[in-house]
Amino acid sequence: MNAGALTVIEAGSTQVTDLGRRRGPRFGVPVNGALDQHSARIANILVGNPETAPVLEITALDAEFVADVDLLIAVSGADGHLTVDGVGRPSNEPVSVRAGEVIALRQIQGGLRAYLAVRGSFDVPRLLGSCAPDSVLGFGGRLVSGATIPVRRSTAPIFNAHFSAELYSLDVPRLATGFVVDVTDGPDIDDFAGTADRLFEQPYLVTPKSNHIGLRMTGPLPERITQGEVLSRGVPVGAVEVPPGDELLVLHRGRGVTAGYPVLAVVTPGSLDVLAQVRPGQHLRFRRLSAADAAARARAELVELEALRLRVQSVFAALDALATATTGRTLL
């Protein structure tokens, strides 16, 4: 049963999504989902949701919402100016919102995408277990002004702001800065012989033709030495392809499940999140990483996120204990 709804006042470029359609590729459907998985997970953790819960992905443009019930929200990802009824509020920590107050995120900078989570999350349609939009299937899509998104839970305002602020020293892990993208060797690296290392020698410029399917970029292109056609085959998210022409292509979460270009390298999961924050017109550099080091970094990130979840749970437990002692009722 829904507790209320969040209404879109200014949509910008916003959509409801989650961590993606994990079962999709076996049916020939792209995985899609939040492009910056790291930030989407953090937003959900900060409000006590499962990491797979739906969130709002806000890309580049200003967005504004109003709810008809009290909410607990959190915003993570690219830096932006978050306000509640015109009052500045911090990102990367839980924020109480009273019914009727306007939530606005403006001036997104230092990245491209921010994620807004609501405690209890949203009640939205799913396809193959995910609410992630898919433009090919015509499922989901960008929100429009006036749209309403049902919310599952109302959360009363946290009444002791000073106590809450003290507890909210959560040490939220942040994405690396500088747009350095780690990659492991791809299955076709030998096809490029001595030119493969060009990938790591100079920065690449991300072009305006980039989107959720893939990022196109210009720079010193490796040259395929071998001849012959590459047959269409399954390709991973993060494949660094070298198609004919003057651009490098890095496949992201909206990529099709098969392709026929040589795969020089594969972007690590953590660096996929970095790619999600690179704007067209910005430069990035590639850095080679062994498969073992990439796996170790992925495990370390999971440990960081679990530690954050435990810290948040401790905060909520303390707030509930205080509320019970003061009012006889739990808060969260």
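Which residue takes a positive phi in the hairpin of β5 and β6? The answer is in the second view below. Everything here comes from a predicted model, in which local features need pLDDT of at least 70 and side-chain atom pairs count only at pLDDT 80 or more, while totals for chains, interfaces and linings use all residues. Residues are numbered from 1 along each chain as its sequence is written, and side-chain values use heavy atoms, leaving out hydrogens and water.

View 1. Strands (E, at least two residues) and helices (H or I, at least four) are DSSP runs numbered from the N terminus. Buried means under 20% relative accessible area, exposed over 50%, and partly exposed in between (1.4 Å probe, protein chains only).

**View 2. The hairpin of β5 and β6.** Welcome back to the opening question: D85 takes a positive phi near 55 degrees, in a hairpin with two residues between the strands. β6 (residues 87-88) runs antiparallel to β5, joined by two bridges; T83 has G88 as its bridge partner. Strands pair if DSSP finds at least two bridges between them.

**View 3. Helix α4.** This helix has 37 residues, 291-327, and reaches 54 Å from first C-alpha to last, close to the expected 54 Å, which is 1.5 Å times one less than its number of residues. Its buried residues include L305, L308, V312, V315 and L319.
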